[in-house]
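Hello,

Here is the structure I said I would pass on. My notes on it follow below.

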Amino acid sequence: MISGYNQRGISVDLSSGKIEVFPLPEEIITNYLGGRGWGAWFLHEENQALVDPLSSESILVIASGGLGGSVAPTSGRFSIIFKSPLTGTIFSSNSGGFWGHIFKRTGYDVLLIKGRAAQPVYLYLSEDKIELIECPELWGLNIPELTQQLQAKYSPQAKILGIGPAGEKQVRFASIMNDLGRTAGRGGGGAVMGAKNLKAIVVAGRKTFPPFQREKYQTGLAQANKLIRSMPVTSKAFPLLGTAGLVKLVYQHDMLVHRNFQDTSHLPENIEKISGETLRRTIFRAPRGCFNCRIRCARLTQVDHRQGEGPEFETIAMLGANLEIYDLPTIARANYLCNEYGLDTISLGNTLGAAMELFEKGGLSSPETGGLELCFGAGHLLEELVRLIAHREGLGHELAEGARRLCQKYQAPELAMVVKGLELPAYDPRSTLMQALGYATSTRGGCHLKGGYMISLGFFGGAREVDRFLVETVADHVVDEQDSGCVADMLGICRFAYFAFSENELSRIYAGFTGVDLGPHDLKRLARQVIDEERRFNLKAGLKASTDTLPTRFFTEKIKIAGRQRAIDRENQFAYMLNKYYEIRKWTNDSNLKTNKIHPK
Ligand code: SF4
């Protein structure tokens, strides 16, 4: 028996109502660790590469991290893994809050959701009960209403994960929400849940996990906590300003997107209006944090009489800077709605940016927008657009398909700022070559987290800080960051904690908690194998190596960055970085993967 794990999972077939508890083999635990790793394993085992994500054949894997149930800093994160209806790739999306921690304490490590229920249902899970309950009366509720009703029925301590109207309507970038304001945001997991008629999962658990080797465990915890206390970004900047503190920093590095990635130029006074400092002075009410996190980057805010969480940096950037809407209350109100309806604000802001550029360039006419003057800066339309998309009404029905499908429909695919169909987040890739390669190679598409969180090297790297335009070293850094990110996703640790600590501390904590002695390099090796497994999934799903690229704009349109006009040189810079990346990963550019399968079936 391995300490720290329950060593069992639950499979729920919504079509038949059958619920099975199954053992989780030791070799799957020790080779895949948890979270994203288990997702890659189960999606492979269940032959998910060729299924329609919105059909009853698809499965949703919900997995606690390998350090779930421990008191490692930020270890309450859990992963939801599925084939994405937005990208067609394997997709691992994770979330914080408290749901993941309590899920692990119900006595199960992983949950497989299969089939499709005939009626809306929710799942209740505790240490002594697993129940599937029909709930047509909950269908249509937004997240606060859903949470309130289920907690009234069970207990205020029960943790609720669910979808809002956007998931029910299968918006391709609908998110899965938990603990009211926390979100497995990206990739359309909410649409997969909606297609399954699964409205919510309620968990209530109290099981505890004594560490295998207390002294080693405590040493690792003390080191990690000390590093969080000593790094300025985790001890001062994020606790004080939240992720919104990044707005000025990203702008100062000429990375902050503008007008659907046409440039990164903003007037300083406009940045001031949406900065973390302004948020703190105006709408901030209190800090909020996920389970066992002293960073507490989340914000409780208030606009007029409404309170809610956020907006986070990405939301301010994508709904604000990218759309030329420099008004914090407007952005915050739209963000509250996204949390209520269950929408990913990155894909939303990116898709709206594409629609606005289409409109301004004549690709989308006024009758096609239902009379809406869809121009950049149209803050007065933002809440209405969110509502239309979440309910797939009018123009919202087309916007709900995401930027790629929208731009294809209006014959301007070059205006979709996506990689593999995933809308890019708020860092312009011309501003750092590491981010460019990270976006191009991430197994879930254009993403700053799975692609490698390059600002951790570019801004906060300290001794690790690297030149963001140095072509030669990019591939090494990107592979290293992607592998580290995958370790965090397998263990259920927040990426922001990685600004302070790394695999060195985590390997000690993990060994002390579980008794499985894996050094930092072992953790990275296992992560690399998971990324290979994800790549294999994507190739089997029909993606080609040619999708490891960026929208043409970034190769052809020069913008001013760090005092010079720059675009990415496709032949000399990008091809070099990509080839080097393939070489390190032992991937090939003809869509084969040279590495062998990690595990026998
Ligand atoms: S740093 Fe922020 S997102 Fe990460 S665990 Fe802490 S509160 Fe949650």
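A residue counts as buried when its relative accessible area is under 20%, computed on the protein chains only. Cys 297 has 13% relative accessibility, so it falls in the buried class. Please keep in mind that this is a predicted model.

Cys 407 is also buried, at a relative accessible area of 0%. A search of the whole structure turns up 0 disulfides. Cys 407 is accordingly in no disulfide, and the nearest cysteine sulfur, which belongs to Cys 375, is 16 Å away.

Now the ligand. Which residues surround the ligand? They are Thr 74, Arg 77, Arg 182, Gly 289, Cys 290, Cys 293, Ile 295, Arg 296, Cys 297, Cys 494 and Phe 496. Cys 297, the buried residue above, is thus one of this shell. By class, the shell residues comprise 6 nonpolar, 2 polar and 3 charged. The ligand itself sits in the largest cavity.

On the domains: the assignment gives domain 1 (8-204), domain 2 (244-422) and domain 3 (432-499 + 519-585). Between domain 1 and domain 2, the contact draws 37 residues from domain 1 and 31 residues from domain 2. The C-alpha centres of these two domains are 26 Å apart.

Why does the ligand lie between domain 1 and domain 2? Both domain 1 (8-204) and domain 2 (244-422) give residues to the shell around the ligand, so the ligand lies between them.

Regards

Key:
Residues are numbered from 1 along each chain as its sequence is written. This is a predicted model: local features need pLDDT of at least 70, side-chain atom pairs count only at pLDDT 80 or more; totals for chains, interfaces and linings use all residues. Side-chain values use heavy atoms; hydrogens and water are left out. A residue is near a molecule or strand if one of its heavy atoms lies within 4 Å of it. On a 1 Å grid over the protein atoms alone, a cavity is a set of points where a 1.4 Å probe fits but cannot get out, and a pocket is an open set with protein on both sides within 12 Å along at least five of seven lines; lining residues have an atom within 4 Å of a point. A molecule sits in a cavity or pocket if more than half of its atoms lie within 2 Å of its grid points. Ala, Val, Leu, Ile, Met, Phe, Trp, Tyr, Cys and Pro count as nonpolar, Asp, Glu, Lys and Arg as charged, and the others, Gly among them, as polar. Domain bounds come from an automatic or database domain assignment. A disulfide is a pair of cysteine sulfur atoms within 2.5 Å. Buried means under 20% relative accessible area, exposed over 50%, partly exposed in between (1.4 Å probe, protein chains only). Contact means heavy atoms within 4.5 Å.
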